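Hi everyone, thanks for coming. I'd like to walk you through a chain that may be new to you, so let's bring it up on the screen.

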Amino acid sequence: MRNITIEHLNVPLVEEKPFEHVERKGIGHPDTLIDGIMEHISRELCKQYLNTYGKIMHHNVDKGLVVGGGTEVNFGGGKFTKPIDIILCGRACNEVNGKKIDTLGIAEEAARKYLKENMRFLDTENTLLSTRISPGSQDLVDVFLRGPKIPFANDTSFGVGFAPLSETERLVYETEQMLNSKDYKKKQPAVGEDIKVMGLRSDGHITLTVAIAFVSKFVSSLEEYVKIKEQVTTDVLAYAKKFTERQVTAQINTGDDVTKGSIYLTLSGTSAEMGDDGEVGRGNRVNGLITPGRPMTLEAACGKNPVNHVGKIYSVLASEIAEDIVGLYPDIEACNVSLLSAIGKPIDQPQSAGVQLYLSDSGQGKLPEMEGKVRGVVDEWLANVTKITDLIVKGEVSVY
């Protein structure tokens, strides 16, 4: 029997509270950029381990860093004065029973591929890669070699998740996704990948404050910059209507002082070119958002191994469980899930699995009935906990 606790909450739902703050750092933000790079390295290592050894070996490549570079930017172009330095750090097994793999080469190739696929204007000439990934200790290799079908937790840690996203949360997430989509880049190539969306809901009104690193090669003058910014604002407001009937205000690059010619213009589409640094774990949580009004942890999931690192696995698992619960049972309006591991214990047997339910008006009084159903969902996911590893390795769930 698993230790599953179910609680009915009578406090207001997040959307019933007078205000809400939500943030997403887009793919070109230095923090998200290094998150994405290190997670991509982990996935590529996992694939190589499976191909070479038949199982995923120990690695935690979660200590990456972006060290900001320098540029001189003009309308229509500019130049790098100092390259962006990307430091890849962590531990990764590179040998089993005399059979070696090139972990450093895999990491560098994965990082270059990620940059090429996600950043249009960063290349080998303006980025330096410092690969400092070490093999790690033999005892960790041995643990993975003799590991049981259900891995043992690497730590005493917890992961949390919630569902569903609020209207504001979904709007913030989808706005960044739209602005960074391939279709929108074709329409507005001046919009760089470094986009941060901050959402404020105050009662019936939502304000989106958006920071966009515009790309200088597509902006010929100050007047054109203003014109593009106005068009992007219009596009954001039109897109918002797909997600809310509330009144929405959008403001872009509020730090601009157009009268002085001080604007957010970049050569590469990321603030990393102008000295902004990035570090794994300082950005979005595993659901792609930063939500201070929700259950959150400080877990830096990107780059950690998806086999027994419970901080990563439980964070994804808690979100999957919460989404299933609200999706399956209409009487449950919202759900929070918290999973706590114990080091050295099977990850399908957490110390505690806590579930908080918000029941609808029609569901009031149905907690005993709901408890059995919810317990079944949690039990099923934990019994198949290794499915999370497969989802992560295949890229079917994002952790940033």
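The chain exposes about 17,700 Å², and carbon and sulfur atoms supply 49% of that; these accessible areas come from the Shrake-Rupley method with a 1.4 Å probe, and for residues only the protein chains shown count as cover. Please keep in mind that this is a predicted model, where local features need pLDDT of at least 70 and side-chain atom pairs count only at pLDDT 80 or more, while totals for chains, interfaces and linings use all residues. Residues are numbered from 1 along each chain as its sequence is written, and side-chain values use heavy atoms, leaving out hydrogens and water.

How many of the 400 residues count as buried? The figure is 54%, with buried meaning under 20% relative accessible area, exposed over 50%, and partly exposed in between (1.4 Å probe, protein chains only). Along its principal axes, the C-alpha trace spans about 65 × 65 × 25 Å.

Now the parts. There are nine helices and 18 strands; helices (H or I, at least four residues) and strands (E, at least two) are DSSP runs, numbered from the N terminus.

Let's start with helix 1, residues 30-53. From first C-alpha to last, helix 1 reaches 34 Å, close to the 34 Å expected, where the expected span is 1.5 Å times one less than the number of residues. Helix 1 is mostly covered, with 18 of its 24 residues buried.

Next, look at an open sheet of four strands, in the order 1-18-17-11 and with mixed pairing; two strands pair if DSSP finds at least two bridges between them. Strand 1 (4-8) and strand 11 (158-163) are at the edges with a single partner strand each, so one side of each has no neighbour in the sheet. Which residue of strand 18 is the bridge partner of Cys335? That is Leu357.

One more stop: strand 14, residues 247-252. Val248, Ala250 and Ile252 form its covered face, whereas Gln247, Thr249 and Gln251 form the uncovered one. Strand 13 (residues 205-215) pairs with strand 14 in the parallel sense, over six bridges. There, Ile206 stands opposite Val248 of strand 14, and Val248 belongs to that covered face.
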